[in-house]
Amino acid sequence: MLILALDTTSELGGTGIFRDHECLASVANQGSANIYSVSLFRMVDRLVEQVRTQHQVPTLRLRDIELFAVANGPGSFTGIR
């Protein structure tokens with residue numbers, strides 16, 4: 001199962017793609033947490049590209065993700081979800 005994990009609960013948040021329990025790639029937040037609404041899309045794009053190149057899955061698209069996991073907690077982006 002392919003899982004896209006998102007953590008936007010702190011400045012140190014980020015994204016990851018997992019196949020079952022194996023982390024295929026991860027991208028840490030490089031900017032301020034108050035711009036997650038913009039940077040989150042860029043992080044996911046970089047993440048998908050990493051999986052395509054590093055794991056030789058050239059056809060990976062967001063529609064291939066079977067489960068979306070989101071950290072729950074206080075943070076700058078929590079209210080927007």
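This note goes through the predicted model point by point, from the overall fold to single residues.

1. Basis of the model. Because this is a predicted model, local features are given only where pLDDT is at least 70, and side-chain atom pairs count only at pLDDT 80 or more, while totals for chains, interfaces and linings use all residues. Residues are numbered from 1 along each chain as its sequence is written, and side-chain values use heavy atoms, with hydrogens and water left out.

2. Overall make-up. The secondary structure of the protein chain comes to one helix and four strands, where helices (H or I, at least four residues) and strands (E, at least two) are DSSP runs numbered from the N terminus. Read from the N terminus on, the elements follow the pattern β-β-β-α-β. Of the contacts in the chain with a separation of 6 or more, 49% are between residues 24 or more positions apart; a contact here means heavy atoms within 4.5 Å.

3. Surface and interior. Buried residues make up 36% of the 81 residues in the protein chain; buried means under 20% relative accessible area, exposed means over 50%, and partly exposed lies in between, with a 1.4 Å probe and protein chains only. The chain exposes about 5100 Å², of which carbon and sulfur atoms supply 55%, the areas coming from the Shrake-Rupley method with a 1.4 Å probe, and for residues only the protein chains shown count as cover.

4. The sheet. The four strands form an open sheet in the order β3-β2-β1-β4, and the pairing is mixed; two strands are said to pair if DSSP finds at least two bridges between them. The edge strands are β3 and β4, each of which pairs on one side only. On average, neighbouring strands of this sheet are turned by 15 degrees against each other, direction ignored. Axes for such angles are lines fitted to C-alpha atoms, for helices over the stretch in contact, and angles run from 0 to 180 degrees between N-to-C directions.

5. Strand β1 (residues 2-7) and β2 run antiparallel and are joined by six bridges; in β2, I3 has F18 as its bridge partner, and D7 has G14. A hairpin through six residues joins β1 to β2. Strands β2 and β3 also pair in the antiparallel sense, over six bridges, with G16 standing opposite S26 in β3. The hairpin of β2 and β3 has two residues between the strands, and in this hairpin D20 takes a positive phi near 55 degrees.

6. The helix. Helix α1 has 19 residues and reaches 25 Å from its first C-alpha to its last, close to the 27 Å expected at 1.5 Å a residue, where the expected span is 1.5 Å times one less than the number of residues. The buried residues of α1 are Y36, S39, L40, M43, V44, L47, V48 and V51, and what covers them includes β1, β2 and β3. After α1 comes Q56, whose phi is positive, near 50 degrees.

7. E49 forms it with R52, the closest N and O atoms being 3.5 Å apart. Both residues lie in helix α1, three residues apart, about one turn of the helix. E49 is partly exposed at 39% relative accessibility, and R52 is likewise partly exposed at 28%.

8. T15, within a strand. T15 is found in strand β2 (residues 14-19) and is buried, with a relative accessible area of 5%. Leaving aside neighbours within four places in sequence, T15 is in contact with several residues, among them A5, V27, L40, M43 and L47.

9. Two loop residues. Is N29 buried or exposed? N29 lies in the loop between β3 (22-28) and α1, and at 10% relative accessibility N29 counts as buried. Beyond neighbours within four places in sequence, the contacts of N29 are E11, G13, G14, Y36, S39 and M43. L62, by contrast, sits in the loop between α1 (36-54) and β4 (67-70) and is partly exposed, with a relative accessible area of 44%. With neighbours within four places set aside, L62 is in contact with L4, V44, V48 and F68. The C-alpha atoms of L62 and V44, 18 residues apart along the chain, are separated by 9.1 Å.

Note on methods:
Salt bridge = Lys/Arg side-chain N within 4 Å of Asp/Glu carboxyl O.
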